[in-house]
Amino acid sequence: MSSTIREADLGADRLGASKVTPLPARTAANAPVSQAHGIGRNPGMKLDLGFMESMRSVNRSALERRVASLTKRRSIKADNQAAWLLRAVACMDLTTLNSNDTDERVRRLCAKAVNPFRRDIVEGLGIAGERIRPAAVCVYHPFVATAVDALRGSGIHVAAVSTAFPHGLTPLSTRLQEIEASVSDGADEIDVVIPRGLVFGAKWQELYNEIVSMRAACGEAHLKVILGTGDLATLRNVMLASMVAMMAGADFIKTSTGKESVNATLPVGLAMVRAIRAYFKETGYLIGFKPAGGISTAKASLDWLVLMKEELGRRWLEPDLFRFGASSLLTDIERQLEHHLTGHYSANHRHAMA
């Protein structure tokens, strides 16, 4: 399988082969990015076990070598790095999923999403007046209405984690009611979690049927399916679960809840984006990808952006097809941008989150 979708298939420019280059000038990294859901939704397809069988062989060693080549041989520096970090912010789901969350904490997080950078950083980067903001704020269901009210008119989406997050082990009817309640409160993105036991038991039809039901319960809200990859044990399970989720109509596939002992890793991400590539070639539908959990540094965000650019192409560097699930990542990016301007790192408390 080729390592890169031909950019001609997506109407984009050819990728440079020797190094990572700045984002193309036609969509500058500090230009306003539409926060609307701007692509055709994935309608899904019938569960095709033959197609799944063709995707069973996953070479972990080859994936790890590919990841190492992406992260060690590519270097993004100076102004280019600042531009890529701004793009990382535009592709962020700013998240709070803590047991001590309150309405006021969510309001503060939403305020940070609307104004993600200190004024001196904005002025120093020359991006005053631009709308560089996280793509969404992600919260538990009880705080959806609070987030919707705080973000009204901003263009920032509200995502709700539903379906008995993070374990997904309540009855399906209860999980569907939670989705419907979040949509009713105003969430326009729903992050659902699958029961991992269905993957271990190879109960693909049951898993497919559950996700189809979740997709129907979402209505017009976009469906992001969390696989819980740290619990799935093998890359083969990750690949097959990814395929089932897309066949069932997922708009995004997502690595983790952030609550597993192992969350988003680059080899797992590479397996998932290659599943996305295979689904695109089979159906023509573009599926989004969201790594989540443990992505807390600016350097890590650059590694993920490079992976998307190299494996899927420029189109997957837009927030309608790529998201970071992150809580502390924005703080480190803001610190790196200040270092770019001043040559000095500031303390975390100077970049308050919520």
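The following dialogue explains how to read selected features of a predicted model.

Q: Which conventions apply to this model?
A: The model is predicted: local features need pLDDT of at least 70, side-chain atom pairs count only at pLDDT 80 or more, and totals for chains, interfaces and linings use all residues. Residues are numbered from 1 along each chain as its sequence is written, and side-chain values use heavy atoms, with hydrogens and water left out.

Q: How many helices and strands are in the chain?
A: Helices (H or I, at least four residues) and strands (E, at least two) are DSSP runs, numbered from the N terminus. The chain has 13 helices and eight strands.

Q: What share of the residues counts as buried?
A: Buried means under 20% relative accessible area, exposed means over 50%, and partly exposed lies in between, with a 1.4 Å probe and protein chains only. Of the 354 residues of the chain, 57% count as buried.

Q: What share of the contacts joins residues at least 24 apart, among those between residues at least 6 apart in sequence?
A: A contact requires heavy atoms within 4.5 Å. Among contacts between residues at least 6 apart in sequence, 79% join residues at least 24 apart.

Q: In what order do the strands of the sheet lie?
A: Two strands pair if DSSP finds at least two bridges between them. Here eight strands form an open sheet with parallel pairing, in the order E7-E6-E5-E4-E3-E2-E1-E8. Strand E7 (288-290) and strand E8 (324-326) are the edge strands, each pairing on one side only. From one strand to the next, the twist averages 25°; axes are lines fitted to C-alpha atoms, for helices over the stretch in contact, and angles run from 0 to 180 degrees between N-to-C directions.

Q: How many bridges join strand E2 to E3, and how many join strand E1 to E2?
A: Five bridges join strand E2 (residues 136-140) to strand E3 (residues 157-162), and the two run parallel. Within that pairing, Ala136 stands opposite His157 in E3. Strand E1 (residues 92-95) is joined to E2 by three bridges, again in parallel, with Thr95 opposite Cys138 in E2. E2 is mostly covered, since four of its five residues are buried.

Q: Which strands does helix H7 touch?
A: Helix H7 (residues 172-185) packs on the sheet and touches E3 and strand E4 (189-193). The direction of H7 makes about 160° with that of E3.

Q: How do helices H10 and H11 pack?
A: Helix H10 (residues 235-247) and H11 pack at an angle of about 40°, with their axes 9 Å apart. Angles under 35 degrees count as roughly parallel, over 145 as roughly antiparallel, 65 to 115 as roughly perpendicular and the rest as oblique. H10 is therefore oblique to H11. A crossing is left-handed if the near helix is turned anticlockwise from the far one by less than a right angle, and right-handed if clockwise; the crossing of H10 and H11 is right-handed. Residues making the contact include Leu235, Val238 and Met239 of H10 and Pro267, Val268 and Ala271 of H11.

Q: How many aromatic pairs does the structure hold?
A: Rings of Phe, Tyr and Trp (its six-membered ring) pair if their centres lie within 6.5 Å; planes under 30 degrees apart count as stacked, over 60 as edge-to-face and the rest as tilted. The structure holds five aromatic pairs. The rings of Phe280 and Trp316 have centres 6.2 Å apart and planes at 90°, so this pair is edge-to-face. Phe280 lies in helix H11 (residues 266-283) and Trp316 in the loop between helix H12 (298-311) and E8, so the pair ties together parts that are 36 residues apart in sequence. Phe280 counts as buried at 10% relative accessibility, and Trp316 counts as buried at 0%.

Q: Why is the pair of Phe289 and Trp304 tilted?
A: The pair is tilted because the planes of the two rings stand at 40°, with centres 6.0 Å apart. Phe289 and Trp304 are both buried. Together with Phe322 and Phe324, Phe289 and Trp304 form one aromatic cluster.

Q: Where does the backbone contain a cis peptide bond or a positive phi?
A: Most residues other than glycine have a negative phi, and most peptide bonds are trans. The peptide bond from Phe165 to Pro166 is cis, with omega near 5°, and Pro166 is in the loop between E3 and H7. Thr163, also in the loop between E3 and H7, has a positive phi near 65° and counts as buried at 0% relative accessibility. Ala78, in helix H3 (residues 78-90), has a positive phi near 55° and counts as exposed at 52% relative accessibility.
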